[in-house]
Amino acid sequence: MYRLPLGEWIDSGIDFLTLRFSAVTRGFSEIIDTMISLLINVLEFFPPWLLILIIGVIAWRIISIKGSILSMLGLGLIWNFGLWDPTVSTFALVITSTVIAVIVGLPLGIIAALNNKFYKLITPVLDFMQTMPAFVYLIPAIPFFGLGKVAAVFATVIFSIPPSIRFTALGIRQLPEELMEASDSFGATKMQKLINVQLPLAAPTIMGGINQTIMLALSMVVIAAMIGAGGLGGVVWRAIQRLRMGMGFEAGIAIVIIAMIFDRITQNIIKKNKG
Amino acid sequence: MSNIKIEVKNLYKIFGHRSEEALRLLKQGIPNEEILDKTGCGVGVADASFKVYEGEVLVVMGLSGSGKSTLLRCINRLIRPTAGKVFVKNEDITEVSREKLLSMRRNIFGMVFQRFALFPHKTVLENAGYGLSVKRETKEKQRKSAQDALELVGLKGWENSYQSQLSGGMQQRVGLARALAINPEILLMDEAFGALDPLIRTEMQDELLELQAKMKKTILFITHDLDEALKMGDRVILMKDGRIVQIGTPEEILTSPENTYVRRFIENVDFTKVLSASDVMVKPKEVGFIKDGPVTLLHKMRMEGKSGIFIVDEEHKLKGYVTAEKAGELAKKHEKDISLIIEKYDKQKVTLDVQVRNLFKVIVDNRYPIAVIDDNNVLKGVIVKGSIIAGLAESGEFDV
């Protein structure tokens with residue numbers, strides 16, 4: 001019986017792309033690599049206690065005094081586990097991936113909000129991207145960027161970008177029609193309407209999307225340890241290979257603590273935006 | 001009322017993909033429902049033609065779904081008509097370039113929305129200045145014009161508040177200020193007071209009329225409330241199923257409704273608010289003159305079957321009222337000069353334009369009939385209790 005050679009097509013397609021765009025991917029690779037190393041260097045420049053204090057102050061300003069104390073205790077625990085360096089590395093990967101995902105996702109979301117055809121085109125693509133098992137994205141990352149942090153960022157961006165696009169598009173589309181008419185009736189251009197009315201009003205929803213992107217990025221960065229992302233995911237990965245239950249559990253707790261701090265900070269930015 | 005500000009010619013708006021086919025069917029006289037079945041298209045506005053003159057308040061009135069809001073949005077092209085022309089200051093807005101359209105919206109139109117449509121992330125002042133910020137006026141000019149407009153609608157001191165801190169009535173004042181701040185020639189008001197509760201609504205209507213007396217804008221006012229239409233409108237357009245059923249002054253619509261649809265509407269109108277003293281008064285058949293003697297007056301009263309009579313001078317200016325009782329006493333004493341027994345009639349007279357609902361109190365407080373006079377104190381008519389009832393019955397308020 002005939003078997004559809006989809007896998008072969010994809011293989012040769014990716015081969016073609018890696019050969020053809022090697023210059024592009026190498027350039028991209030270098031930029032990302034510099035970004036990550038710079039970020040890690042900056043974060044490691046501070047002694048852990050100072051960084052914990054800085055994050056504590058940020059959490060106090062944005063969440064609450066209680067949130068601040070809990071954040072500092074959690075980070076202190078990580079330091080105590082001796083997991084500070086992998087945590088900083090994970091932190092840097094998440095931030096880099098999120099920044100790229102937002103820089104690419106926000107404009108795409110705006111286009112999807114304003115253009116019906118593009119919205120109809122991109123919706124199934126986003127659905128596809130979100131239901132595809134996360135591991136699958138790791139494979140094409142390797143031929144493009146080789147093993148390492150850049151490949152991890154690439155896979156993470158692909159995996160975590162859908163909420164940024166989707167929430168931006170929905171946030172703008174769901175604004176009350178009468179407000180859009182009000183803006184139009186005074187002769188606002190599309191750009192004026194976007195900057196002064198649509199984006200500020202949709203900001204809470206867009207921030208919700210960014211929050212989701214950060215959470216997805218964090219989970220993907222851990223998985224990406226399989227292709228050499230290192231960081232906390234790397235610790236977990238090693239623990240799996242050596243069946244070191246305790247080590248895996250400690251790294252797991254560190255990931256949860258980071259996730260909670262990221263989540264609470266972004267959630268509270270959303271709340272403050274609404275109020 | 002000579003300059004035409006807006007002229008709408010054979011305007012059609014059909015919603016749906018197969019609008020051209022629907023338009024053809026519509027022009028053949030196929031009913032709206034059938035068009036919806038056949039083409040899946042909804043008829044918004046069908047063959048609307050009318051003019052709006054400079055400085056008038058033209059009210060478009062109809063039930064929900066009658067196409068009145070669609071019609072309004074065709075005027076500033078928030079909705080693009082399927083066919084027909086809309087001339088605004090002799091410029092066909094259906095044809096102009098997008099640039100020209102934006103400039104027209106920025107300079108000619110001020111629009112007020114049913115649910116206010118204020119920007120919740122902006123302060124009252126920023127909301128009021130929105131039109132000017134779109135025009136890229138200087139910050140100073142924006143603030144000044146916005147502040148002036150807010151003062152005009154009575155919101156001075158609220159500049160830094162947000163929408164969530166204001167009551168419904170105040171929110172709509174901001175909406176009105178936002179429209180007025182760009183000093184538009186034409187105000188488009190889409191059921192502007194429809195979301196307000198009745199007391200506030202009446203207040204806003206009165207204030208808008210007061211403002212309009214000073215501003216003399218051209219106003220196109222949409223409402224589903226006939227009372228409001230009759231109160232606000234210099235002329236009223238009645239719409240049904242996208243078509244204009246009747247255009248006329250409130251008087252014309254009330255007194256000669258063009259078809260049963262209009263008549264139905266009018267049946268629910270509170271006529272005491274619409275009719276004035278001149279509509280319910282009767283002509284005084286017999287009046288007494290200053291020079292008449294008491295016997296003459298008694299004779300005139302007997303002819304009329306009344307127990308009193310109005311006294312006027314040669315120019316028919318009202319002098320007072322004489323009762324049969326007093327005239328009889330005077331006749332017994334063989335006196336001729338009736339000026340001794342004339343009762344001054346200050347409280348019992350009203351001018352022609354007083355609303356009927358305000359007559360009830362006057363009539364209850366007085367034993368004598370009410371005199372209706374014009375601005376020169378000339379006696380124009382008489383109102384007794386019976387004539388109000390009769391006046392209302394004639395207009396269809398009561399089934400008699």
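Modeller: Asn183(B) sits in the loop between helix H8 (168-181) and strand S7 (186-190) of chain B. Helices here are DSSP runs of H or I with at least four residues, strands are runs of E with at least two, and both are numbered from the N terminus. This is a predicted model, in which local features need pLDDT of at least 70 and side-chain atom pairs count only at pLDDT 80 or more, while totals for chains, interfaces and linings use all residues. Residues are numbered from 1 along each chain as its sequence is written, and chains are lettered from A and ligands numbered from 1 in the order in which they are written.

Colleague: Why does Asn183(B) count as partly exposed?

Modeller: A residue is buried if 20 or more other C-beta atoms lie within 10 Å of its own, exposed if 12 or fewer, and partly exposed in between, with C-beta atoms placed from the backbone. Asn183(B) has 15 C-beta neighbours inside 10 Å, so it counts as partly exposed.

Colleague: What is the phi of Asn183(B)?

Modeller: Asn183(B) is not a glycine, yet its phi is positive, about 50°. Most residues other than glycine have a negative phi. Lys89(B) also has a positive phi, near 50°. Lys89(B) belongs to the loop between strand S4 (83-88) and strand S5 (91-92) of chain B. With 16 other C-beta atoms within 10 Å, Lys89(B) is partly exposed.

Colleague: What makes Leu118(B) buried?

Modeller: Leu118(B) has 25 other C-beta atoms within 10 Å, so it is buried. Leu118(B) lies in the loop between S6 and helix H5 (124-128) of chain B.

Colleague: Which residues is Leu118(B) in contact with, leaving aside its neighbours within four places in sequence?

Modeller: A contact means that the C-beta atoms of two residues, placed from the backbone, lie within 7 Å. By that test Leu118(B) touches Asn127(B), Gln163(B), Gln171(B), Val174(B) and Gly175(B). Asp148(B) is 30 residues from Leu118(B) along the chain, and their C-alpha atoms are separated by 18 Å.

Colleague: Why do S6 and strand S10 (243-248) of chain B stand at the edges?

Modeller: The open sheet has 6 strands in the order S6-S7-S8-S3-S9-S10 (chain B), with mixed pairing. Two strands pair if DSSP finds at least two bridges between them. S6 and S10 of chain B each have a single partner strand, so one side of each is left without a neighbour in the sheet. From one strand to the next the twist averages 15°.

Colleague: How many bridges join strand S9 (residues 235-240) of chain B to S10(B)?

Modeller: There are 5 bridges between S9(B) and S10(B), which run antiparallel, and pairing asks for at least two. Lys240(B) stands opposite Arg243(B) in S10(B).

Colleague: What is the strand order in the open sheet of 3 strands?

Modeller: The order is S14-S15-S16 (chain B), again with mixed pairing. Strand S14 (349-351) and strand S16 (379-383) of chain B are the edges, because each has a single partner strand. The twist there averages 30° from one strand to the next. Strand S15 (residues 370-373) of chain B pairs with S16(B) in the antiparallel sense over 4 bridges. Val372(B) has Gly381(B) as its bridge partner in S16(B).

Colleague: How does helix H17 (residues 356-365) of chain B run relative to S15(B)?

Modeller: H17(B) lies across S14, S15 and S16 of chain B, at about 135° to S15(B). Axes are lines fitted to C-alpha atoms, for helices over the stretch in contact, and angles run from 0 to 180 degrees between N-to-C directions.

Colleague: Why is chain B called more spread out than a compact globule?

Modeller: The globule rule is 2.2 Å times the number of residues to the power 0.38, and the radius of gyration is taken over C-alpha atoms. For 400 residues the rule gives 21 Å, whereas the radius of gyration of chain B is 27 Å, well over that, so chain B is more spread out than a compact globule. The C-alpha atoms of chain B fill a box of roughly 90 × 55 × 35 Å along the principal axes.
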